Structure formats: structure tokens, C-alpha cells
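Welcome! Let us walk through this structure together, one neighbourhood at a time.

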Amino acid sequence: MLVSKENIKSVIPQREPFVMVDNLLAVNDEVYTTNFVVNPNNIFLENECLQEYGLIENIAQSCAAGISYTKMNTAEQMGEGFIGSISKLTLHELPKVNDTLTTIITKKFEVGNMFLLHGKVLLNERLLIECELKLVGNSN
């Protein structure tokens, strides 16, 4: 584990109650992996299921965590950014309270502070959701 739940806010800009990533598990040049346990007090719950927008937020925060971690201590450090677009979104299933999700982000393209990323959220080995995100980061 690279960044634990206690320190996750060092690599994402969100604060409670919007933190949707627990741990940054692995990072390399192309892939970022996080996990997240669906808490019974999560603001994106409906009928004890984490809703689609909560899963999208989890993917976006996983992107932010991975990018921030890779740019940490470099001349290219990233500040807060924004989602430029979300495309190719496919929702297969919603997770329930206490499910542990694994989110895998694959960097497809990077130019300066613009990124095209593919995100997918898994519950065990079942694919829950996947999409592409275009992110723009602000330089510090």
C-alpha cells in the first residue's frame, strides 16, 4: 500500500463527506489501483446501494490520487483539477453497503496537464462500472 486511508487526503482534494477512496494500493506509469469500502453513512447511498454518481466520483478520485502520487516531488506537481468529460460509461451493477471495491485506472494518454484515462470498478472480479474520463489538472 502506497497511501493509507489515514493519509489519503494528501493525494486527493476532496474532504468528508465526499472522500470516496480509502487506500492507494499501487501506482506505475500507466496504472493506478485504489480500494474503497462502501460505508453505511455514505452520502451517495440509496436503498443501501452506492449509486452510479458515487462510483463515478470514486473513479475520478482514484485518477486524482494516482496522478498526484506520480507527480509528487517533481517539477510537474498537480493542484486541483476538473473533469473535462466522461464517456463510454457502462454500468453493470451497484455495490452494497460494506462491499470492498477495487478501482483500476489505466492512463491512455497524457499531454501536459491533460489526461485521458479509463476507469473500472470491481467487486471481487465482477465489473461494476467502467468509463473514460478526460481530466485537466492545474499546476501548483
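What you see is a predicted model: local features need pLDDT of at least 70, side-chain atom pairs count only at pLDDT 80 or more, and totals for chains, interfaces and linings use all residues. Residues are numbered from 1 along each chain as its sequence is written, and side-chain values use heavy atoms, leaving out hydrogens and water.

Let us start at the surface. Leu91 belongs to strand S5 (residues 78-91); helices (H or I, at least four residues) and strands (E, at least two) are DSSP runs, numbered from the N terminus. With a relative accessibility of 36%, Leu91 counts as partly exposed, the class between buried (under 20% relative accessible area) and exposed (over 50%), using a 1.4 Å probe and protein chains only.

Now turn to strand S2. Of its 7 residues, 5 are buried, so S2 is largely enclosed by the rest of the structure. S2 runs antiparallel to strand S1 (residues 23-27), with 4 bridges between them, and a hairpin of 3 residues links S1 to S2. Strands pair if DSSP finds at least two bridges between them. S2 also runs antiparallel to strand S6 (residues 100-111), joined by 7 bridges; Tyr32 has Ile105 in S6 as its bridge partner.

Which strand holds Asn35? Its place is in S2, residues 31-37. Asn35 is buried, at 16% relative accessible area. Opposite Asn35 stands Asn23, and a polar contact of 2.9 Å joins their side chains. Such a contact is a pair of N or O atoms within 3.5 Å; within protein, one must be able to donate a hydrogen and the other to accept it, and residues adjacent in sequence count only if both atoms are side-chain atoms. Asn35 and Thr102 are 67 residues apart in sequence, yet 4.5 Å apart in space, C-alpha to C-alpha.
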